[in-house]
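Good morning, colleagues. I ask for a few minutes of your attention for one structure, which I shall now put on the screen.

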Amino acid sequence: MKNCYKTFIGFTVIIFFNYSCSDFLEEAPFSSINSANFYNTKDDASAGLNAVYSGFRSYYNSSIYQHGDVSADLASSGEGTGGINELDINPTQFQGTWGSLYTTINFANTLINNIASIEMDDDLKTRYIAEAKVLRAMTYFILVQSFGDVPLITTPTTDEENNFLPRTDKEQVYNFIIGEMTESIGNLPIEYPPSDIGRVTKGAVQSLLARIYLFRKDFPAARDMALTVMDSEIYGLETNLKDLYDVDRENGEEHIFSIQYSAGTRVPSTFTQNYASRNPVIITGGIGQQAGASIAAERDFYESFPDHYRKKVILLDSIPDPFWPQIIPENGTGTGKLQVGPSCMKFYDPNLEAISDGDANWPVIRYAEVVLIFAEAENEVNGPTVEAYNAINSIRKRARDSNGDGIDDPNDLLELPDLQDLSKDEFRVAVWRERELELCFEGHQRWDLLRQDRFIQAMTDNGKNVEEKHKLFPIPMLEIAANPNLTQNPGY
Amino acid sequence: MLHVFALLFLCSSLANRVHGKVGGNPLFEPDYLSNSQIVVTGQVFSKTDGSPLPGVNIVEKGTTNGVVTDFDGNFSINVNDGNAVLVVSYIGHATLEVPINGRTSVTVSLEESATGLDEVIVLGYGSSKKSDLTGSVGQVSGAELTKSSGAVLQQALQGKVAGAQITQTSGSPGADLRVRIRGSNSVYYGNDPLYVIDGVPVSDGSLSYINPNDVESISVLKDASATAIYGARGANGVVMVTTKKGRAGITEVSIDYYSGVQNVAKKLDVLNAQEWATTARLFWTRFRDGGLLSRAYSEEEIANMGEGTNWQDEIYRTAPIQNYDISVRGGSDKTKFFVSGNYFDQQGIAINSRFQKGTLRVNLDHTINDKFSIGLHLTPSYIVNRPIDSDIIYQGIIQNPVLPVRNEDGSYSSQAEIWRTTGIYMSPEHQNPVQMAYERENVVERSRLLSDLSITYNILEGLTYKSTFGLYLDNRTGSSFTPSYFESEITRGSNGSASRNQTNKFNWLHESIINYTKDVDKHHFDATAGFTAQSDRDDYFSTTTWEFANNSTGYYNLGAGNDPQNPSSYRNRSSLASVLGRINYTFDQKYLLTVSGRYDGSSRFGGNNQFGFFPSAALAWRVNKESFLEDVEVISNMKLRLSAGQTGNQSIPLYQNVQTYGIGSPVIFGNTEYTSIVPGSLVNNDLRWEKTDQFDLGLDLGFFGWGSNFDFTVDYYYKKTTDLLLNVQIPRQGGYSSLLKNIGSVENQGLEFSTGLGLDFGELNWNLNGNISFNKNKVLQLSGSDKYFGSSINQRRVGVIGKNGGAASVVMEGQPLGVFWGNIFDGLWQTQEEYDNGHMANDSNSGPGFENWRDIDGNGVFEEGIDETVIGDPNPDYTFSLSSDLMYKDFDFSFSFYGTQGNDILNAYKIEGLSQVNNQNVITLLKEAWDGPGTGNLIPKIDRPAGRSGTYPNRAATNYIEDGSFIRLQNVTLGYTFKNLNFLKNARLYISGENLFVVTGYSGYDPEVNSRGNDNTVLGVDDGVYPKSRTIRIGAQLKF
């Protein structure tokens, strides 16, 4: 009997340990990808990198122009729908932007951290890391421009540690951005095969770095970097300005780096609708639903725009417009008047009527900006040199070239003559204005005004009651509530 | 009735055969005989009426040697020697120990158990005599359960156990009930008790697969002392269902049959065709100064209208219900069995709804030898449920009375068509409910198998080891089909839709339990220890196809649709491994101590907290056993109980402890879409169960004398649940917005009284039982915000609540769970002047004749979203029940009442009904609408203020809150038993009525209601809930 008992006890103990000490209690989800089976292969790395691109895109879906143009002096938010107005800016806003930017950063940190242990082609691995680092650096650039000092997080969030980091001095953040991007230049290809277009190239990083140097007022570095891009002779200006915005000619020689959208996929472009200024005709020839306007040109800006070819290409005030014969009022009649303000036509997609979603890409940086960076930086470093004039005048020439043949017609030249004989200060102002005209509605204006130290003046002139505090967006209130280590920007 | 006779005939022949087999040799030879053994014969009688008792268990004390009395109460047993003691036990009677004292013949009279103190109460991993119980446990006998005709077992439990609040939230046949033991502990995760069937904890609380006739008893474990042995699953109480076991002795065949009819217990008063058209015309006359009057019927048309269609008459019907049940129970001293079969068929009172189920059961016990025995429970079941869309119920109220069910050409009438063709406005998205019920198919089929096999090993005297293997399989297939010709604004675009979804569950369990019992002098020890491992797996698959060119194949051939939708599937698995133990110690039958605990390891929790320990302790003092009370015969029981302990709730979503990745938004390179994979949610490695600490103080009293007995039990409890799992907003800088954390806290405290009075006047027996339970629930702590809105109640009917995300309830610190939240209604603005000088003067949504919402913060202006407050509490102050069982000679008469007091209901019919007369029918209350100063102060003017658009903003407000207190006559039964008929042992015929009346002030269908079923955050909302039926049944119970 004693033996029986011992056997039984032994049996019990064995079975129990079988359950408790084995992996019986370790359950991994069957139907979700999880840490046990993800980040093991090259394809996992690729999918993880895609997440960084996808996250990066989210800022460009609407924040880019809401922050860059609507909250500046050349665009309004349309008919009271969406958008941000300096007067309304308060700490209850921006949580979405903040969260989505940091989500992208976490995606990048996750990839960069996990790719290390993946066995894959080393060159590809290096390239993937470089792509992720550039996107992460650009995300930090957006953050630091918008909010000033921000928490600098470079490791994936796996516990609550990252959540409670304080803000890092913005100089340190800028150093990080420039360091990461500089380091990545050599690890990125000059171009990609057609199936990979939209990824970060060497030229894209160089161009973006030139922009960042310009913003940092590091003019020699900006000049040199812009010159490097120009001298590479990979990029050029689209001859006919209208072709630049043709959805069927995307990713041309001027498009250094664009966010890719494609009709008929799950990533369609909505810019055509958002920029339609509530005019249903622009979107669908009047057939479809009215679009909510997200952005429209301010009347003052429209009126101040020199009346040359570029204005016709990018701004539409009322229809019918002889320059836009395909846009006709509903039933051929109707008021033809846009409802909110002049529309920016840079993202016009004539196919929208048939396919319900659009193709228009977002240009993160294009060659015209690089040329203008060079012009501005060259002027700051060496004064208005011939190179500086050539640069800015190449933009003006294309802007007035109404038949797009690359040859100056006298009439065109009359409307927008070449610049010459300017002082250094005059040249500076001329480049700024040229940027306004060339890059308007592409999300630059607010940041340009800020770096040019004329934000308050320009906005005040525009009738907006801005204060010093508006130079930075407020840290979202709920973020400060959740992380007591965060401080608020002054004035909010 | 024909059925009854057919069954009688069938079973009489069957029973004859059974008798023929057993009758000749009612006794069973013992396994072994030794020279020293002596044979003792005897007879057992009932002390009450002197009749012989069949089926009484006679066991030689301290052995497994036992026999059972035959039909005439006779027995014969071989005992070891003349000093043997016979233990004579019989259900419902006090167990008696009879010393042989050398006799070879004994006569035993068993007394009916006056106080039920010898009743055996089933507990987790064991049982206890009621007298030895230290915890708070309510037990209900199987006989009580069969009084109800509900398809789901829990329905029969309603009102039977103090502290168990059971709410039939829907009258739909087979619908699950909301069960709360001593209140709700959790905010978002699992408030359902743990169900344990014959010792096997099941993850599926939808107990339609248990045949009430198979149930021996149900015990409800309430306090921590009783539930801690279920550790991480015990916090919400435990419901132990024990099915009938075989009995050695003569084989008993029972046949139960009933058949009945059901009707809707109440219909709501709605406008008839002429009234509606008149009212709608009035609306359009006033609205925008009559600019849209063309949307109304002309006065001439209205004059020619009659009453039109009362859609409630069209969707409700008199529906049959029937139940067939046969069971056979018997066995030898080695093998005992209980087998049964059941078929239940309930057609719903709403057209085209039906619930059918069939269950089989085999309960088998076999003694292999004096060391080993085995037991088997096998319960296959099959259910076919054809529920109807809750929209049909709602539509029965609001469908336009002007329309006939069918047009003259036989097609279904359609509001959309009227609107399109005549311009008379009626909501085009509202579908003809009769058409919906008949043309849209929706079927749920479910086959389940619950089974377990156990082996018991008697190691030593008093020491047993039991190993159990349990298996639960559940295959649930839901199918639905909407034909392409079904024109609907809702389904427009799909052009016919078929879908099927399938859930397969596979759960297994292994338990090893040791039990040791020892008596030393006045000390009694009973120790239980063991370990268990359990794994639950769910597989799900669902697919839908649109575009059917031909409708004949329905959901049987999804390939016939031309537009397949994305399928979805998943597999989930969780596991639990535990060690458990309990020690009961009794000294001198006076002082009782129970200590129990469970150590649970769960796959659901994070690396840092995978294991948890749940202890409890209880003390009881049987005061009546003290010398000073021992001689007071009138006090049969007086026991004080005290218990405290901790239990857990592990019902959280799975895999919270694993870093998952999900498919993110794709990315485009070139013109091609590429998949992105993104991190899922942030993992909290510190995640652990919700913990409930409970304290219980109870008193049991029993009095006996003058042929009657009186029991009284009172319990006070206090429960505090901490570590509630809430989604906490976290800084987003880490890339995540929320994290599941153990942070919140809720308390429940209450008092439970239950009492029973038994009167025995010989031929007249009367038992009266009642209980009343008070529970007060309070949310102590939330995170981030002091208030969260509950789930939206809009479901498909958007716009019932147009604010706060469709929520009418909040979870709020300092308040009970799910209190209603909204505006305070201060009547109607009577005059322009009053309005202009009031706090809503510039509110374009109001005006004279419209609502005056109180300016709660007193700042002089009514502000939407700010002037809101708690406006009602759906939790009752108390629930109560009273039941009476009267037996006179061969007649029996019983009834039971159940009710709640002090709970509020949000009547959504009113919200929509009073704002939408222009496009749908409404309840007749609208006739009292304001029509000029002083003409009314409750129902707003039939019009819409100039600035108001559509239904803006339908809301929860005090004028839609009603008192939901009620008393329901649950059941009345009158029966007559024919005894000793020829081949029949007895035959009982009865007639029974359920839900014959409800006393309530509530104006909707039924005050026992919740449109969101079992949701933790929403209760007491009445919005298109299938009403309860009134049922009359006749039945026969035959025993052979």
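Which domains does the domain assignment give for chain A? The assignment gives domain 1 (39–188 + 454–492) and domain 2 (271–350), with bounds that come from an automatic or database domain assignment.

Some notes on conventions. This is a predicted model, in which local features need pLDDT of at least 70 and side-chain atom pairs count only at pLDDT 80 or more, while totals for chains, interfaces and linings use all residues. Residues are numbered from 1 along each chain as its sequence is written, chains are lettered from A and ligands numbered from 1 in the order in which they are written, and side-chain values use heavy atoms, with hydrogens and water left out.

I begin within chain A. In domain 1 of chain A, 17 residues are in contact with 13 residues of domain 2 of chain A, contact meaning heavy atoms within 4.5 Å. About 1200 Å² is buried between these two domains, with 48% of that area from carbon and sulfur atoms; buried area is the accessible area (1.4 Å probe) that two parts lose on being put together, summed over both.

How many salt bridges does the rule find across this interface of domain 1 and domain 2 of chain A? The rule finds 1 salt bridge there, a term for a side-chain nitrogen of Lys or Arg within 4 Å of a carboxyl oxygen of Asp or Glu. A:Lys464 forms a salt bridge with A:Glu298, and their closest N and O atoms are 2.6 Å apart.

I turn now to the two chains. Here 65 residues of chain A are in contact with 60 residues of chain B. Together the chains bury about 5300 Å², 63% of it on carbon and sulfur atoms. Across this interface of chain A and chain B the rule finds 3 salt bridges. B:Lys741 forms a salt bridge with A:Glu160, with the closest N and O atoms 2.8 Å apart.

Finally, one residue of chain B. Is B:Phe372 buried, partly exposed or exposed? B:Phe372 counts as partly exposed because its relative accessibility is 31%, where buried means under 20% relative accessible area, exposed over 50%, and partly exposed in between (1.4 Å probe, protein chains only). Leaving aside residues up to four places away in sequence, B:Phe372 touches B:Thr367, B:Ile455, B:Thr456 and B:Tyr457. From C-alpha to C-alpha, B:Phe372 and B:Tyr457 are 4.7 Å apart in space, although 85 residues apart in sequence.
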